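Trainee: Before I use any labels for this chain, I want to know what stands behind them. Can we go through them one by one?

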Amino acid sequence: MPTAEKWTLIINKKTGEWGIPYKYESDELARIDMKVSKTSAPVENFTIAYDKSGSGCKLTVEWENTRASVDISGK
């Protein structure tokens with residue numbers, strides 16, 4: 001869920017569902033705030049990437065002039 005200041009990654013137990021209105025709050029596993037920054041150049045294609053980082057990875061989403069990222073690690 002994007003806003004100007006932050007994006008929220010929603011991890012849901014249901015698969016195969018998408019779109020608006022979002023009506024699956026009771027099936028959520030987690031809501032995680034993502035760090036938002038500007039890209040150095042416009043990104044034409046919506047991009048999702050996982051990059052190894054320490055003992056986990058970083059999930060990065062980029063599109064147009066925006067980058068949202070969150071660190072992921074196992075428990």
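Mentor: What follows takes each label and sets it against its definition.

Trainee: What should I know about the model and its numbering?
Mentor: This is a predicted model, where local features need pLDDT of at least 70, side-chain atom pairs count only at pLDDT 80 or more, and totals for chains, interfaces and linings use all residues. Residues are numbered from 1 along each chain as its sequence is written, and side-chain values use heavy atoms, with hydrogens and water left out.

Trainee: What is the mean pLDDT of the protein chain?
Mentor: The mean is 86, and 95% of the residues reach 70 or more. pLDDT is the predictor's confidence in each residue, from 0 to 100. Confidence is lowest in β1, at a mean of 86, and highest in β3, at 93. Where pLDDT is low, predicted coordinates should not be read in detail.

Trainee: What makes a stretch a strand?
Mentor: Strands are DSSP runs of E with at least two residues, and they are numbered from the N terminus. Strand β1 covers residues 7–12 and includes Asn 12. Strand β2 covers residues 28–53, and strand β3 covers residues 56–72.

Trainee: How are the three strands arranged in the sheet?
Mentor: They form an open sheet in the order β1-β2-β3, with antiparallel pairing. The edge strands are β1 and β3, since each pairs on one side only. Two strands pair if DSSP finds at least two bridges between them. β1 and β2 have six bridges, in the antiparallel sense. Leu 9, for one, has Ile 32 in β2 as its bridge partner.

Trainee: Why is Met 34 called buried?
Mentor: Buried means under 20% relative accessible area, exposed over 50%, and partly exposed in between (1.4 Å probe, protein chains only). Met 34 has 7%, so Met 34 is buried. This residue lies in strand β2.

Trainee: Which residues does Met 34 touch?
Mentor: Contact means heavy atoms within 4.5 Å. Not counting residues up to four places away in sequence, Met 34 touches Lys 6, Trp 7, Leu 9, Leu 59, Val 61, Ala 68, Ser 69 and Val 70.

Trainee: Is Thr 39 buried or exposed?
Mentor: Thr 39 has 11% relative accessibility, so Thr 39 counts as buried. Thr 39 is also in strand β2. Beyond its neighbours within four places in sequence, Thr 39 is in contact with Glu 62, Glu 64, Asn 65, Thr 66 and Arg 67.

Trainee: Which backbone oxygen does the side chain of Thr 39 reach at 2.8 Å?
Mentor: That of Ala 41. A polar contact is a pair of N or O atoms within 3.5 Å; within protein, one must be able to donate a hydrogen and the other to accept it, and residues adjacent in sequence count only if both atoms are side-chain atoms. The side chain of Thr 39 also reaches the backbone oxygen of Glu 64, at 3.5 Å.

Trainee: Why is the pair of Phe 46 and Trp 63 called edge-to-face?
Mentor: Rings of Phe, Tyr and Trp (its six-membered ring) pair if their centres lie within 6.5 Å; planes under 30 degrees apart count as stacked, over 60 as edge-to-face and the rest as tilted. Here the centres are 6.2 Å apart and the planes stand at 85°, so the pair is edge-to-face. Phe 46 is in β2 and Trp 63 in β3, 17 residues apart. A search of the whole structure finds one aromatic pair.

Trainee: What makes Phe 46 partly exposed?
Mentor: Its relative accessible area is 49%, so Phe 46 is partly exposed. Trp 63, at 43%, is partly exposed too.

Conventions: Helices (H or I, at least four residues) and strands (E, at least two) are DSSP runs, numbered from the N terminus.
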